[in-house]
Amino acid sequence: SGGFFIMADTTSIDEFPADQYRKEVTDAMPTNPMPRDWAMSRWMTQEVGVTAIPPSAFYDTQNVHLAQDLLRFAYCKGDDTIMEAQ
């Protein structure tokens, strides 16, 4: 199996209730309050039905702010699809 990732700039998206989601706390999030990319990812999962990976999960605490306007989307494929693409 394999896949690829696409990073999306979410700077222009301000129509989600960021404050509502940033109040949530999870054991996995890198900082408190919840970073914007985490909040948007949770909102998209719950309200839109699409799950994105918050890139700040891979950042050091001091650099979490660098990922605030990004989301990472995974596109995973099975071996059959990968072999067909060769």
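1. The accessible surface of the chain comes to about 5900 Å², and 51% of that surface belongs to carbon and sulfur atoms; areas of this kind come from the Shrake-Rupley method with a 1.4 Å probe, and for residues only the protein chains shown count as cover. Of the 86 residues in the chain, 28% are buried, where buried means under 20% relative accessible area, exposed over 50% and partly exposed in between (1.4 Å probe, protein chains only).

2. This is a predicted model, in which local features need pLDDT of at least 70 and side-chain atom pairs count only at pLDDT 80 or more, while totals for chains, interfaces and linings use all residues. Residues are numbered from 1 along each chain as its sequence is written, and side-chain values use heavy atoms, with hydrogens and water left out. The average pLDDT of the chain (the predictor's confidence in each residue, from 0 to 100) is 90, with 99% of the residues scoring at least 70. Confidence is highest in α2, at a mean of 94, and lowest in helix α3 (residues 79-85), at 80.

3. The chain has three helices and two strands, and from the N terminus on these elements run β-α-α-β-α; helices (H or I, at least four residues) and strands (E, at least two) are DSSP runs, numbered from the N terminus. Along the principal axes, the C-alpha atoms fill a box of roughly 45 × 30 × 25 Å. Of the contacts (heavy atoms within 4.5 Å) between residues at least 6 apart in sequence, 53% join residues at least 24 apart.

4. Leaving out residues up to four places away in sequence, M44 touches G49, V50, L71 and F73.

5. Helix α2 deserves a separate look. Just after α2, G49 takes a positive phi of about 90°.

6. How many salt bridges are there? The count comes to two, taking a salt bridge as a side-chain nitrogen of Lys or Arg within 4 Å of a carboxyl oxygen of Asp or Glu. In one, R42 and E24 meet at 2.6 Å, N to O, and the pair links helix α2 to the loop between α1 and α2, 18 residues apart. R42, at 28% relative accessibility, counts as partly exposed, and so does E24, at 22%.

7. In another salt bridge, the closest N and O atoms of D69 and R36 are 3.2 Å apart. D69 lies in the loop between α2 and β2 and R36 in helix α2, so this pair ties together parts that are 33 residues apart in sequence. D69 counts as partly exposed at 22% relative accessibility, whereas R36, at 15%, counts as buried.

8. T10 lies in the loop between β1 (2-9) and α1 and is buried, with a relative accessible area of 4%. Apart from neighbours within four places in sequence, T10 is in contact with R36, M40, Q68, D69, L70 and L71.
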